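User: I have a structure open here and would like to go through some of its side chains with you. Can we start as soon as it is on screen?

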Amino acid sequence: MNFGPVASLVIALSTSPAPRSIDAVKLSEPPVIDGKLDEALWAALPKAAEFEDPYAGGLAEDQTEAWVGYDDRGLYAAFHCHFKNIADIVGREVRPGTAFEGDDFVALRIDPFNTKAFENMSRFQVNCLGTRNEIIAGGRATKAEWRGDWKAASSRVSDGYTIEMFIPWSAVNYPSSATRDMTINFVRWHGKQNRKSIWSNCTAAERPELNGILKGVQT
């Protein structure tokens, strides 16, 4: 059956990927950054789940859950990286600031100005050993005094590993307006499989406008 060019366009648009969103929740008390997700506040926050494989399509085989909250000091994030076989976890790099070649790691993408441009997005990466690596928009990470005192820790659990992060607003040049939406995304690299999974699927082409939205940040 021939639906014609107009109907074909409608079908194509209906299956196009779209950015996901998560509500911003302001914390009354910050978590302890020790890599352990045993504090009740994480369970009370909205959860980013159903990570997708941007290359193969569909849900990733080993799934991930992530959470985010904030206060006047900065942003707090957590990841639970599940494994069907924990022997697949790969972690070697212990030197901060170096590439995680072949390691399992997670990344938090954040652009407080929500510009939809990768050059304005900062990425905070932590491997399964708790080693940190950052790429901060504008080249700010080239100077230690501009990175801010961001923190991270990891912990091994029965089905994988967990990560906690604290990113001070000073590290990402937080805008002065009282309420705004921000670009955010949660990414996981699967070391043994040499592939990634992602919460808001930017596709294999890494389309920046498909990164997720953190809605309603108020400071």
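User: Is E134 buried or exposed?

Analyst: E134 is buried, because its relative accessible area is 13%, where buried means under 20%, exposed over 50% and partly exposed in between, computed with a 1.4 Å probe on protein chains only. This is a predicted model, in which local features need pLDDT of at least 70 and side-chain atom pairs count only at pLDDT 80 or more, while totals for chains, interfaces and linings use all residues. Residues are numbered from 1 along each chain as its sequence is written, and side-chain values use heavy atoms, leaving out hydrogens and water.

User: What does the E134 side chain touch?

Analyst: The side chains of E134 and W150 are joined by a polar contact of 2.7 Å, that is, a pair of N or O atoms within 3.5 Å, where within protein one must be able to donate a hydrogen and the other to accept it, and residues adjacent in sequence count only if both atoms are side-chain atoms.

User: And which residue lies over the face of W150?

Analyst: That is R132, at 5.0 Å from the ring centre; a charge sits over a ring if NZ of Lys or CZ of Arg is within 6 Å of the ring centre and within 35 degrees of the ring normal. R188 likewise lies over the face of F83, at 4.7 Å from the ring centre.

User: Switching topic, how much of the protein chain is buried?

Analyst: Of its 219 residues, 47% are buried.
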